[in-house]
Amino acid sequence: MRFWAAHALLPGGPATDVTFVVAPDSAGVDRFTAVTPGTAPGDATRLPGVVLPGFADVHSHAFHRALRGRTHDHGGTFWTWRERMYAVAARLDPDSYLALARAAFAERALAGVTAVGEFHYLHHGADGRPYADPNAMGHALARAAKEAGVRLTLLDTCYLTADVDGSPVEGVQRRFSDGSVQAWAERVAALRDGPGLQIGVAAHSVRAVPRAALPVVAAVADGRPLHVHLSEQPAENAACLAAHRLTPTGLLAAEGLLGPATTAVHATHLAAADVALLVGSGTTVCLCPTTEADLADGIGPARALRDAGCPLALGGDQHALSDPFAEARGLEMHERLATGERGRFSPAALLDALTAHGAIGRPDAGRLEPGAPADLVAIRLDTPRTAGSDPAQVVLTASGADVDTVVVEGRVVVSGGRHVLGDVGAMLQAAIEPLWEDP
């Protein structure tokens with residue numbers, strides 16, 4: 001299999017007239033075997049515009065897609081938004097979750113996402129009791145990703161308490177909890193990696209996982225991807241300081257959760273000492289700019305983290321938009337607004353954050369080079385948004401609507417701006433509308 005592009009953003013920089021040769025490895029995974037500039041071979045599939053590596057959506061909550069356009073009528077805060085989120089969570093079952101997640105993942109693919117880190121905490125039935133298959137909801141997510149054509153890292157999430165003070169879960173939160181960290185660990189042990197599927201774990205937050213349970217989560221991770229919501233809200237910081245005399249970052253460090261396999265999500269409200277702990281441990285930070293703006297969370301210290309040596313990734317989180325370009329631009333534009341300076345992140349640095357597959361356990365992905373999984377995204381350069389753009393700067397001008405072709409491990413998932421599953425808008429409508437109908 002061969003592809004050819006007039007422009008491509010390779011690890012060494014922009015290149016022209018690039019041919020990509022794809023073949024399966026010994027495990028049957030299609031990888032790039034050659035990436036070379038030169039005249040297009042006659043048998044190559046010609047790709048329009050500029051080719052970029054496949055994007056990684058490092059932090060996703062697929063069921064939040066049902067909230068888009070439904071939470072803006074009464075203002076409020078993160079905490080009032082959460083009540084709407086709980087209302088949707090209360091109505092999903094494995095079948096409706098499959099339909100919603102399949103459509104949400106397909107929407108991500110349309111925008112250039114080739115791999116998703118799904119922060120999964122909607123585990124059990126509406127009454128909090130496990131389904132006959134205790135991992136039915138996780139299996140629905142895995143099937144949804146496979147059918148949508150994207151790789152999935154399923155980050156099964158430990159969620160045990162309602163707040164830092166250890167107050168018990170109640171209402172819809174009972175769906176999130178296994179009752180004890182040991183029960184959570186036993187359920188996670190039944191999950192298995194598979195083609196296009198990797199199992200990771202998460203601690204929801206210091207609010208939802210008691211201190212005594214944190215080392216168990218770290219032990220269960222055992223080198224697999226480990227994610228955690230961190231300092232998303234000032235109230236979380238204040239409660240953690242009151243209970244433990246440590247910031248959330250300090251608490252995670254004390255209990256062994258930070259490290260190269262860990263990704264801290266949001267990290268919006270950090271002290272200088274927190275930054276030092278994250279950097280010193282090799283922890284990645286995943287920013288989610290469209291969600292952080294939508295929920296009025298605040299602007300995190302992205303440039304300070306990067307300057308100190310912290311790896312950065314990007315996530316779409318609550319699916320307020322399904323546009324990786326908007327996440328990348330948000331990273332830069334938030335910094336501009338906070339500092340009054342332009343160019344806080346170069347286009348190349350933004351692309352690095354967009355393709356941080358290592359944060360979801362695939363450090364071999366996210367580069368257009370021999371040996372990498374054969375993932376690519378072709379962006380048109382002739383749309384009203386991109387016409388006239390320097391191909392090397394297209395991350396700051398394009399939108400998801402400008403994606404023409406998406407290839408995931410050699411499979412063409414999007415062609416001509418259309419997903420192989422068909423009308424993704426209709427799929428989303430069919431999945432979401434029943435969740436808002438009166439019972």
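**The strand pairing and its surroundings**

Modeller: Strand β4 (residues 45-52) runs parallel to β1, and 5 bridges join the two. Strands here are DSSP runs of E with at least two residues, helices are runs of H or I with at least four, and both are numbered from the N terminus. Two strands pair if DSSP finds at least two bridges between them. In this pair, His7 stands opposite Val50 of β4.

Before going further, the basis: this is a predicted model, in which local features need pLDDT of at least 70 and side-chain atom pairs count only at pLDDT 80 or more, while totals for chains, interfaces and linings use all residues. Residues are numbered from 1 along each chain as its sequence is written, and side-chain values use heavy atoms, with hydrogens and water left out.

β1 (residues 2-10) also pairs with β2 (residues 13-24), in the antiparallel sense and over 8 bridges. The hairpin between β1 and β2 passes through 2 residues, and Leu9 stands opposite Pro14 of β2. β2 in turn pairs with β3 (residues 30-37), again antiparallel, over 7 bridges. Thr19 faces Thr36 of β3 across this pairing. The hairpin of β2 and β3 has 5 residues between the strands, and Gly28 in it takes a positive phi near 85°.

These strands belong to an open sheet of 8 strands with mixed pairing, in the order β3-β2-β1-β4-β13-β14-β15-β16. Its edges are β3 and β16 (418-419), each of which pairs on one side only.

There is a further open sheet of 8 strands, with parallel pairing and the order β5-β6-β7-β8-β9-β10-β11-β12. β5 (55-60) and β12 (312-314) each have a single partner strand, so one side of each is left without a neighbour in the sheet. Direction ignored, neighbouring strands in this sheet are turned by 25° against each other on average. Angles run from 0 to 180 degrees between N-to-C directions, and axes are lines fitted to C-alpha atoms, for helices over the stretch in contact.

Helix α2 lies across β5, β6 and β7 (151-158), at about 140° to β6. β7 and β8 pair in parallel over 7 bridges, and Cys158 stands opposite Ala203 of β8.

β8 (residues 197-203) is mostly covered, with 7 of its 7 residues buried. Buried means under 20% relative accessible area, exposed over 50%, and partly exposed in between (1.4 Å probe, protein chains only). Leu197, Ile199, Val201 and Ala203 point one way from β8, while Gln198, Gly200 and Ala202 point the other way.

Now the packing. A nonpolar core is a set of buried Ala, Val, Leu, Ile, Met, Phe, Trp, Tyr and Cys residues joined through side-chain atoms within 4.5 Å. The largest such core has 112 residues, and Phe63 and Phe105 have the most contacts inside it. Helix α2 (residues 94-110) supplies the largest share of this core, 8 residues. Another core, of 18 residues, lies apart from it; Phe3, Val18, Val51 and Leu376 are among its members. Neighbours within four places in sequence left aside, Phe63 is in contact (heavy atoms within 4.5 Å) with residues including Met85, Leu92, Tyr97, Leu100 and Tyr121.

Cys158 is buried, at 0% relative accessibility. The closest cysteine sulfur to that of Cys158 is in Cys240, 16 Å away and too far for a bond. Cys310, buried at 4% relative accessibility, has its closest cysteine sulfur in Cys286, at 11 Å, also too far for a bond. With a disulfide taken as a pair of cysteine sulfur atoms within 2.5 Å, the count comes to 0 disulfides.

Finally, the annotation. UniProt lists residues 50-413 as "domain: Amidohydrolase-related" in an unreviewed entry; its positions are given in the numbering used here, feature names are shortened, and annotations may be inferred rather than shown by experiment. The span 50-413 is 34% helix and 17% strand, and its end C-alpha atoms lie 17 Å apart.
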